[in-house]
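Me: Hello! I am new to this and would like to learn how to read a few features, one at a time. Could you walk me through them?

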Amino acid sequence: FFSWTVYQGTARCALSRLAALLGMRAGPVLVLTLSLFVREICTMAPAEREQMRQTVEEMFYHAFDGYMERAFPHDELRPISGGYTDALVELGAPAQPTRRGYSGVALTLIDSLDTLAVIGNASEFARGVRWVSENVDFDIDIDVSVFETTIRLLGGLLSAHMLANGTMVDGASHVRVAGYGGELLVLARDLGERLLGAFDGCEALPRAFVNLRDAKAKQASHQRLEQCSAGVGTLLLEFGVLSRLTGDPSFEHAALCALRLLWSKRSKFNLLGNTLDVRTGHWRNPTATIGAGVDSFYEYSLKAYLVFGKPELYAMWNASASAVEQHLRVGPWYGE
């Protein structure tokens, strides 16, 4: 929503209405944060906003065109050599990536579909939607990071589905894909069901890696017992949206259980550590930080509240953000 309104130049009225709406249901910290964002965008001169929009568009096409010309349909472009890498099996830093003939699922294309729509390239967006619908299959004998696969592939499929289906935001009807029949949502549900293999109920933390072909019967070959806070707390947006779109509550239930279990392990200061042992649930690295390993927990607790409106999510974000300001902030920076 933010990307769409800022890029399209309609930020003033849209964001102002959003801030007013949230002001009635959120606390003062959230309202202040949004108000500062709204003021920054709404006071920007039209010429400055247009220049920034053109700069963003040029940067995007430099990266996207390079990928499509040199690396597609593999996962990612190697920008220096001009080659490619099938990076899905490398994400999350596994000790032994399971390649076994894996040749990519066009990860960068899937991750870029919604940006194509936001920029307004309806024809390339439609072409990408059709290609993914016809060519991508997740029945692959590879081990993947649950966190990385969720935010890149599952999130990319869901956002592209809502745009292609014409149900995402006002003003996006021009990117609706003619003849689209929900194929990306079918793919997203299939992927989500495979990722559910990493969960073992509400009393256990989800595993960091899962085998896409047979998650339950076949543990990831490089299965590790360590899981970071971000890996547990950065799943609810995509899993929750998948549940809302399919009518299957199991995805949102699994992610919400994981988030609640993680939050229950916070310190008396409302701070989370960095990594946990998935068997015991005990902290392996109890260092509190806003950096790698924890960062997106803060992002997703707030975003999930904005999307789903659950008061407990705002309570998590407000308590943790306040704790960060009180205990981690040192002058203009944040410590550990």
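Reply: Gladly! Let us start with a term: a residue is called buried when its relative accessible area is under 20%, exposed when over 50%, and partly exposed in between. Please keep in mind that this is a predicted model.

Me: How do I use that on a cysteine: is Cys257 buried or exposed?

Reply: Cys257 has 9% relative accessibility, so Cys257 counts as buried.

Me: Which cysteine does Cys202 join in a disulfide?

Reply: To find one, look for two cysteine sulfur atoms within 2.5 Å. Here Cys202 is joined to Cys257, with an S to S distance of 1.8 Å. The count by this rule is 1 disulfide.

Me: Which parts of the chain does that pair tie together?

Reply: Cys202 sits in the loop between helix H8 (183-195) and strand E4 (209-211), while Cys257 belongs to helix H11, so the pair links parts that are 55 residues apart in sequence. You can read the handedness too: the torsion about the S-S bond is about 50°, so this disulfide is right-handed.

Me: Now the backbone. Where is there a cis peptide bond?

Reply: Go to the bond from Phe72 to Pro73, which is cis, with omega near 5°. Pro73 is in the loop that runs between helix H4 (46-70) and strand E1 (76-77).

Me: And which residue other than glycine has a positive phi near 55°?

Reply: That is Ala106, with phi near 55°. Look for Ala106 in the loop between strand E2 (84-85) and helix H5 (107-119). Ala106 has 0% relative accessibility, so Ala106 counts as buried. Asn270 has a positive phi too, near 65°, and lies in the loop between helix H11 (250-264) and strand E6 (275-277). With a relative accessible area of 25%, Asn270 is partly exposed.

Me: Last one, pockets. How much space lies in the second largest pocket?

Reply: The general idea is that rolling a probe the size of a water molecule over the atoms shows where empty space is left. In this model, the second largest pocket holds about 380 Å³. Its lining has 18 residues, and those closest to the centre are Ala63, Phe64, Tyr67, Thr108 and Ser112. H4, E1 and H5 each give two or more residues to this lining.

Me: Which element gives the most, and what kinds of residue are in the lining?

Reply: H4 gives the most, with 7 residues. By kind, the lining divides into 7 nonpolar, 6 polar and 5 charged residues.

Key: Residues numbered from 1 in each chain as written. Predicted model: local features only at pLDDT ≥ 70, side-chain atom pairs only at ≥ 80, totals over all residues. Heavy atoms only, no water. Helix = DSSP H or I, 4+ residues; strand = E, 2+ residues; numbered from the N terminus. Buried < 20%, exposed > 50% of the residue type's maximum accessible area, 1.4 Å probe, protein only. 1 Å grid on protein atoms, 1.4 Å probe; cavity = no way out; pocket = protein on both sides within 12 Å on 5 of 7 lines; lining within 4 Å. Points joined across faces, edges and corners; volume = space filled by probe spheres on them. Nonpolar A, V, L, I, M, F, W, Y, C, P; charged D, E, K, R; others polar.
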